[in-house]
Amino acid sequence: MLKAHFLKVLGLSIALTSTAAQAMSLDWSGGYRAEWTEVDRPSLTDPTQRKAYGLNYLYLTPKIIAADGINIVSRFDIFNSEIYPGSQLGTIWGMNTSDSATSGGNQMSSGNQGPATISASQLYLNVNQEFGSLLVGRVPFEFGTGMLYSAGKGAFDHWYNTRDMAAYKIIVGDWFLMPMIGRMVANDFGQGNNQTFWGAQLQYENVEAKSLMGIYVEQKKGANTTLNYTTEQIAAYTAGAGGTVGGEMSINTTSFVLGRGWDSFGYKFEGAFQSGQTGIQRGTEDVKVDGFGLAAELYFPARESKWDYSFKLGMATGDTDSTNFSGFAYNKNYDVAMLMFNHRLGQADLFNTDAVKPTAANGAALGVGNSADDESVGNAYYLAPSVNYTINERFSVRNTVIYAQLMNVLPNSVDAKKDLGLEWDIEVVYQPLERVQWVNQLGLLFPGEAWKNGSGAGGNLGNDFTFGFASKAAISF
């Protein structure tokens with residue numbers, strides 16, 4: 001009798017477990033990336049401060065389908081960067097925190113490479129309904145061309161934007177409206193000791209007509225107890241005059257994007273405008289923000305030819321004084337060239353981007369010789385035409401020529417020029433499978449007279465020729 005009851009209970013448990021398993025499933029996606037990068041003379045003078053490093057990175061994105069239309073999405077980053085936390089750079093080849101390495105690296109030791117970290121960069125609830133969807137949690141966010149907001153979805157993107165927010169996307173035909181509210185910083189459980197934002201995105205997108213039109217408005221506010229500006233950042237915002245964090249941050253951003261495509265031509269155009277207060281003060285006067293950036297992309301598809309063309313052009317403001325910062329920095333993922341606006345170059349912050357670049361890692365200052373590709377477009381305008389030739393189904397070669405000039409020279413620089421020079425990038429792409437690609441890049445930079453600018457050294461800094469090489473492979477699944 002007992003045995004019969006046990007079999008009934010076991011059968012019922014299996015049935016209930018099977019029903020639950022059918023009601024919930026797990027969907028995985030992800031990507032792997034390996035890279036090697038060398039830059040011969042990032043200082044543009046002697047000592048060269050040559051860079052040569054490899055990166056190794058894997059991310060996994062599990063999506064739990066809890067019920068019809070209800071998903072829980074997350075992302076795990078494996079082999080994270082200890083120098084750039086909150087990025088998707090990956091771990092440097094050879095970076096070792098094992099006991100054998102910290103005790104002198106005994107060559108007779110059989111120790112292993114030190115373990116790298118695993119972190120969760122995304123976790124949010126996505127509830128899909130007939131006319132919209134709800135997003136709650138740490139959500140990736142992007143807009144337009146990615147000039148200012150980028151979720152880092154590109155195969156070789158090293159950076160990403162996420163937000164702790166609640167948003168509802170209302171969809172009507174090809175239009176959607178998405179209001180959102182969230183927090184960027186919360187020091188503790190208390191009210192008021194944080195940085196908050198609200199935003200709203202209105203966008204029209206027709207895939208068949210290749211049409212895009214959208215606007216995004218955002219307001220950020222932050223208590224001065226959360227504004228952890230470094231000394232270098234305060235100096236960048238005040239043109240070297242210095243200041244204290246005594247006020248509150250309040251910055252408004254308005255971005256718009258327009259796009260249209262045809263069989264033989266297409267374009268995208270994005271602009272972003274920022275204004276408000278940084279929270280930094282010079283005496284009793286607030287240091288304000290007032291800058292903007294514009295970016296345009298033109299495409300000429302190959303159609304039946306093996307040749308296709310593209311063209312990038314844009315600009316970002318960069319003028320600043322002790323109480324008004326008119327600088328603007330593109331998103332780090334938005335690459336115009338392999339070297340310029342991508343790697344730190346020269347001996348001065350010509351682009352006025354120290355306000356957004358990290359200044360130190362593991363107690364050591366970051367500079368042109370020991371930093372990754374953490375530079376941004378700023379205080380300049382650029383022209384970048386590209387020509388791509390498809391050799392066959394697997395091989396293609398792209399040539400890009402980049403010319404740029406400064407918008408404003410550094411304060412107190414002597415006999416300053418604005419010419420940043422010319423860069424020629426050669427890129428060979430091998431794609432044996434749809435989701436596998438291997439890219440080899442060679443960048444040749446012929447610096448202009450602007451790199452000699454400086455408020456010190458008599459305005460006679462280095463502007464020597466330099467080159468860079470990168471070989472990188474990516475697999476998505």
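Strand 20 (residues 395-406) pairs with strand 21 (residues 419-433) in the antiparallel sense, over 11 bridges. Two strands are taken to pair if DSSP finds at least two bridges between them. Strands (E, at least two residues) and helices (H or I, at least four residues) are DSSP runs, numbered from the N terminus. The structure is a predicted model, in which local features need pLDDT of at least 70 and side-chain atom pairs count only at pLDDT 80 or more, while totals for chains, interfaces and linings use all residues. Residues are numbered from 1 along each chain as its sequence is written, and side-chain values use heavy atoms, with hydrogens and water left out.

Within the pairing of strands 20 and 21, tyrosine 403 stands opposite leucine 422 of strand 21. Strand 21 is also joined to strand 22 (residues 436-447), again by 11 bridges and in antiparallel orientation. Here aspartate 425 has glycine 443 in strand 22 as its bridge partner. Over the whole chain, 23 strands and three helices were assigned.

Of the 477 residues in the chain, 43% are buried, where buried means under 20% relative accessible area, exposed means over 50%, and partly exposed lies in between (1.4 Å probe, protein chains only). Contacts are defined by heavy atoms within 4.5 Å. Among contacts between residues at least 6 apart in sequence, 63% join residues at least 24 apart. The chain exposes about 24000 Å², of which carbon and sulfur atoms supply 58%; accessible areas come from the Shrake-Rupley method with a 1.4 Å probe, and for residues only the protein chains shown count as cover.

In soluble globular proteins, nonpolar side chains tend to be buried together. A nonpolar core was defined as a set of buried Ala, Val, Leu, Ile, Met, Phe, Trp, Tyr and Cys residues joined through side-chain atoms within 4.5 Å. The largest such core has 48 residues, and those with the most contacts inside it are Met180, Tyr330, Met340, Phe341, Tyr382, Leu420 and Trp451. Two or more residues each are given to this core by strand 6 (132-140), strand 7 (162-172), strand 8 (175-186), strand 10 (211-222), strand 19 (380-390) and strand 20. Another core, of 12 residues, lies apart from it and includes Leu227, Tyr229, Tyr237 and Met249. With residues up to four places away in sequence left out, the contacts of tyrosine 330 include Met147, Gly293, Leu294, Met315, Val377 and Tyr382.

Serine 255, in strand 12 (residues 249-261), is buried, at a relative accessible area of 0%. Not counting residues up to four places away in sequence, serine 255 touches Phe143, Leu148, Tyr149, Gly214, Ile215, Tyr216, Gly271 and Ala272.

A nonpolar patch on the surface is formed by Ile170, Val172, Trp175, Leu177, Leu202, Met213, Ile215, Leu258, Trp262 and Tyr267, which together have about 850 Å² of accessible area. Patches are made of residues with over 30% relative accessible area and no salt bridge, like charges being joined within 9 Å and nonpolar side chains (Val, Leu, Ile, Met, Phe, Trp, Tyr) within 5 Å. Strands 7, 8 and 10 each supply at least two residues of the nonpolar patch. Tyrosine 267 lies in strand 13 (residues 266-282) and is partly exposed, at 30% relative accessibility.

The structure holds 15 salt bridges, each being a side-chain nitrogen of Lys or Arg within 4 Å of a carboxyl oxygen of Asp or Glu. In one of them, the side chains of glutamate 38 and arginine 50 meet at 2.2 Å, N to O. Glutamate 38 lies in strand 1 (residues 25-39) and arginine 50 in the loop between strand 1 and strand 2 (51-67), so the pair ties together parts 12 residues apart in sequence. Glutamate 38 is partly exposed, at 23%, as is arginine 50, at 39%. Arginine 50 also forms a salt bridge with aspartate 40, with the closest N and O atoms 2.9 Å apart. Aspartate 40 is partly exposed, with a relative accessible area of 21%.

Lysine 153 and glutamate 142 form a further salt bridge, their closest N and O atoms being 3.7 Å apart. Both lie in the loop between strand 6 and strand 7, 11 residues apart. Lysine 153 is exposed, at 64% relative accessibility, whereas glutamate 142 is partly exposed, at 36%.
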